[in-house]
Amino acid sequence: MTVVPRLVLSAPSSGHGTNMLAIGLLAAVADRGTETAGFKVGPDRVDAAYLGLAAGRPGRTLDPRLVGAERIVPLFAHGAAGAGLAVVQGSMGLYDSLTGRPETESTAAVAAALRSPVVLVIDVAAMGQSVAALVHGFRAYDEQLWLGGVILNRVASGRHEALLREALDDVGVPVYGALRRQDLPPVLPARRHGVVPVVGGSAEAGRAVRRLGEAVAATVDLERLLGLARSAPPLTAAPWSPEAGTTEGGQTAPAGERPLIAVAGATGGSYSHAETHELLRAAGAEVVAFDPLQDETLPAGVRALVVGGALPEAYADQLSANRRLCISVAELARTGRPVIAEGTGLLWLARELDGLPMCGVLDAVGSSRAGLVVGYRTATAATDSVVAPAGATVTGHKEHRGVLTPRAGQRPAWTWEGGAPEGFVWRGVHASQLTLHWAAQPTLAARLVAAAAEAEPAVAQTGGVPA
């Protein structure tokens, strides 16, 4: 059994301040010397990154659609190991699901699977005694849900707070904190920057997290909240293990020297899920980070490359300007070494994006559109590749504005119902805007490491041309 003090923070809908409250709570408790861990329900890697920055360990997503409902508790137990408080930030409203499957994919469903108390964050700026009816309705809607209490956000005054507390006391709902309208200012870097401020160790991101931590420490009863978190029962499911994950598909780590695999990122993390690194190491690889925005060459001796799906499109100018690295990546791909590129990584490998030269690995041109493509896809591998054998079925997530022409190469990566083939498989390259969670694909890391072990190590490059 695994003992993890834990809370799920949710809200009646988006826009109530749950994200800043969750970040601030983790930062405030961590500042007191308690080990913390942060999680985000759903595919949102940006929120997860800031939760991780506040906790001082990688923030992780808990997405039943991507990893399967059966992996939620094991992945949580793995990511929260040793923590004195784990905070799970919900997505949208407590009972909402983008896919129409609230019984398995809503924040409430995740809270039930984790046997965790839920704290509802409520924006009460335009609300009085009706807050009691709202909370009572959320509590009564599902009798299996453990609604532990509320945190009030954007309270107007002391009189307003007293009125709200009295109304909630009448229905027996504890209030763990009340924040005034100015207590949670919009201090986080703009959303268009994605995870880059966290991955790159931005001072602005660090200051924002500290500011939120100070606000929560001054307005929320941390001791009572920790008491609620500690009342959560032990988890009976065994923690997820990357070692078990890499052998789940019947493959074993290659014997001999550990191949060097470069994963796009920087000192503050990467553009891949934290489990990706853990799976690669468990499968027998040595993993090193490279920064596509700053590093001019790939690490010497690298045998494979992974560009995760959290690399934001807003940095196309910097990706293009880093010509020496583009040449290094193109040389690695053209010599047949494995390259996996998800999301913006696909656009980076193209000839150009919005007129800016990119790596030129793929014979395709990218352009940005006004509309955002977002959603899950159940996809079938159209071609044998380092990612999956032809015919394998996966579930991934797409979130992008940039599109490629053509959409797919002569050997597409994926097909799915209602859409044309997508992505490129070329030599050792697998590039697609579909982002996978590797913990749900037990053979992926092992396939990549095996392919990397067979490849010749890349030589160091200088002056922007092969050395």
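This report covers the confidence of the model, its cysteines and one histidine.

The structure is a predicted model. Its mean pLDDT is 94, and 96% of the residues reach 70 or more.

**Cysteines**

A disulfide is a covalent bond between the sulfur atoms of two cysteines. The structure holds 0 of them. Cys 326 is in no disulfide, and the nearest cysteine sulfur to its own belongs to Cys 359, 3.7 Å away. Seen from Cys 359, the closest cysteine sulfur is that of Cys 326, and the 3.7 Å between them is too far for a bond, because a disulfide needs the two sulfur atoms within 2.5 Å.

| Residue | Relative accessible area | Class |
|---|---|---|
| Cys 326 | 1% | buried |
| Cys 359 | 6% | buried |
| His 430 | 4% | buried |

**His 430**

His 430 lies in strand 20, which spans residues 429-432. Why does His 430 count as buried? Its relative accessible area is 4%, and buried means under 20%. Apart from neighbours within four places in sequence, His 430 is in contact with residues from several parts of the chain. Among them are Val 339, Ile 340 and Ala 341, as well as Ser 385, Val 386 and Val 387. Ala 413 and Trp 414 also touch His 430, as do Phe 424 and Val 425.

How values were computed
Residues numbered from 1 in each chain as written. Predicted model: local features only at pLDDT ≥ 70, side-chain atom pairs only at ≥ 80, totals over all residues. Heavy atoms only, no water. pLDDT = per-residue confidence, 0-100. Buried < 20%, exposed > 50% of the residue type's maximum accessible area, 1.4 Å probe, protein only. Helix = DSSP H or I, 4+ residues; strand = E, 2+ residues; numbered from the N terminus. Contact = heavy atoms within 4.5 Å.
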